[in-house]
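Subject: Structure handover

Hello,

Here is the structure I promised to pass on to you. Please have a look at it first; my notes on what turned up follow below.

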Amino acid sequence: MDIKLFAVEDWMNKYEMSATYNIAETCVDSLTIEELISIDGTNPADFFQSLYAKKLTYGHIEGSPEFRSMVAELYESIDPHQVLVMNGGIAANFLVFYSLVKPGDHVISVHPTYQQIYEVPKSFGASVDLLHLKPENGYLPDLDELRSLVRENTKLICINNPNNPSGAIMERDVLEQIVEIARSCGAYLLCDEVYRNLLQDDDLIVPSVADLYEKGISTSSMSKALSLAGLRLGWIAAPQEVIEECIKHRDYTTISVGMLDDILAVHAMKNYDLILKRNRKIIKDNLAILDEWVAQEPAVTYVKPRAGTTAMLKYDLPVSSVAFCEGLLKETGAFLTPGICFDMDGWVRIGYACETEILRQGLQKVSEYIHSLR
């Protein structure tokens, strides 16, 4: 299996821990364990006292029934048997590809997106076509172009909604048209939905592809919308035949997720609405700060995101995105992701859902660095 370097993960691995102002992070400001347990008034000491007698076994192999039931409640047409728990959203995506994609299959993926979504199918021997999301179109897909890419052997169409890195959101009408395109060739439709419900508009309701299409597959996790990346817990919600195929392949790689992760995730899911309320406030407050900064920074433009935690910033400077981000980190301690990680040199990705004061200070450092280059 030959595969390209995972550019964004390699970048984060090299530099993230040395940053003073991490405005590249893609999670909403992470919860502490105390914040998680006490969010509904639970006493953390009592909560952990109840765990002392538990034996640290493998636990439920496919994820606890309680957790799977609460995940199923996030969907309209998924029952708990159609939910399979994995070690994070990245493992959920990988298992779908490992289970469904064979050499000679054809896969279509949006781009830019999380590199895993198109590189892993290619590494398994699939032919992969990219559906380019352009800033001049608000990073929304050209559906006529998608139709032109479909073949008789198209096995899988892959999207990411809300989109990372742009923060674009495909609403119901666009999703329904993509479903019809997938249905026309019998393809599965995989949607990485780790940023689902992180919306700027409280009145907007965006359905999951698992509820729109009989061959729709939703992957998600505790990391982004629930601020709990440290739990390393994600899931697949999919038709029963897909889950069965995934279980067969999963037995070779996973056995079970962590029992303690599952217990903490159950508590988080019981308080899903409280956590989401907290996190929506963070992304709204912080996007207002970012938007004001962009308006006042003449070297930077962007397409304002409507969802998620990230945005792509275009800068007007004669320097590569890697050189810009490396110089920024070295000179100021502020940390961004170079656009080249998404094949978009001349751009940088910002994660604006961090602690608000970190965002303010980080943006100030970016301005200082830009002005030093002009």
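To begin with the charged pairs, the structure holds 17 salt bridges, a salt bridge being a side-chain nitrogen of Lys or Arg within 4 Å of a carboxyl oxygen of Asp or Glu. Before I go on, please keep in mind that this is a predicted model, in which local features need pLDDT of at least 70 and side-chain atom pairs count only at pLDDT 80 or more, while totals for chains, interfaces and linings use all residues. Residues are numbered from 1 along each chain as its sequence is written, and side-chain values use heavy atoms, with hydrogens and water left out.

Salt bridges

One of the pairs is Arg-306 with Glu-171, whose closest N and O atoms are 2.9 Å apart. Arg-306 sits in the loop between strand 9 (300-302) and strand 10 (310-315), and Glu-171 in the loop between strand 5 (154-160) and helix 8 (172-185), so this contact ties together parts that are 135 residues apart in sequence. Helices (H or I, at least four residues) and strands (E, at least two) are DSSP runs, numbered from the N terminus. Arg-306 is partly exposed at 38% relative accessible area, and Glu-171 is partly exposed too, at 29%. For these labels, buried means under 20% relative accessible area, exposed over 50%, and partly exposed in between (1.4 Å probe, protein chains only).

Asp-202 pairs with Lys-284, and here the closest N and O atoms are 2.6 Å apart. Asp-202 belongs to the loop between strand 6 (188-192) and helix 9 (209-212), while Lys-284 is in helix 12 (residues 272-296), so the bridge joins parts 82 residues apart in sequence. Asp-202 has a relative accessible area of 46%, and Lys-284 has 25%.

Helix 12 also carries Asp-291, whose partner Lys-304 is in the loop between strand 9 and strand 10, 13 residues apart. The closest N and O atoms of Lys-304 and Asp-291 are 3.6 Å apart. Both ends are partly exposed, Lys-304 at 44% and Asp-291 at 27%. Elsewhere, Glu-180, Arg-183 and Glu-214 are linked in a network of salt bridges.

Cysteines

How many disulfides does a search of the whole structure find? The answer is zero, with a disulfide taken as a pair of cysteine sulfur atoms within 2.5 Å. For Cys-158, the nearest cysteine sulfur is that of Cys-191, 9.7 Å away. For Cys-246, the nearest is that of Cys-158, at 13 Å. Cys-158 is buried, with 1% relative accessible area, and Cys-246 is buried at 0%.

Largest pocket

The largest pocket has a volume of about 510 Å³. On a 1 Å grid over the protein atoms alone, a pocket is an open set of points where a 1.4 Å probe fits, with protein on both sides within 12 Å along at least five of seven lines; lining residues have an atom within 4 Å of a point. Grid points are joined across faces, edges and corners, and the volume is the space filled by probe spheres set on the points.

This pocket is lined by 24 residues, with Glu-9, Thr-26, Cys-27, Tyr-114 and Lys-224 nearest its centre. Helix 1 (7-15) and helix 5 (89-100) are the elements that give two or more residues to the lining. Helix 1 provides the largest share, four residues.

Best wishes
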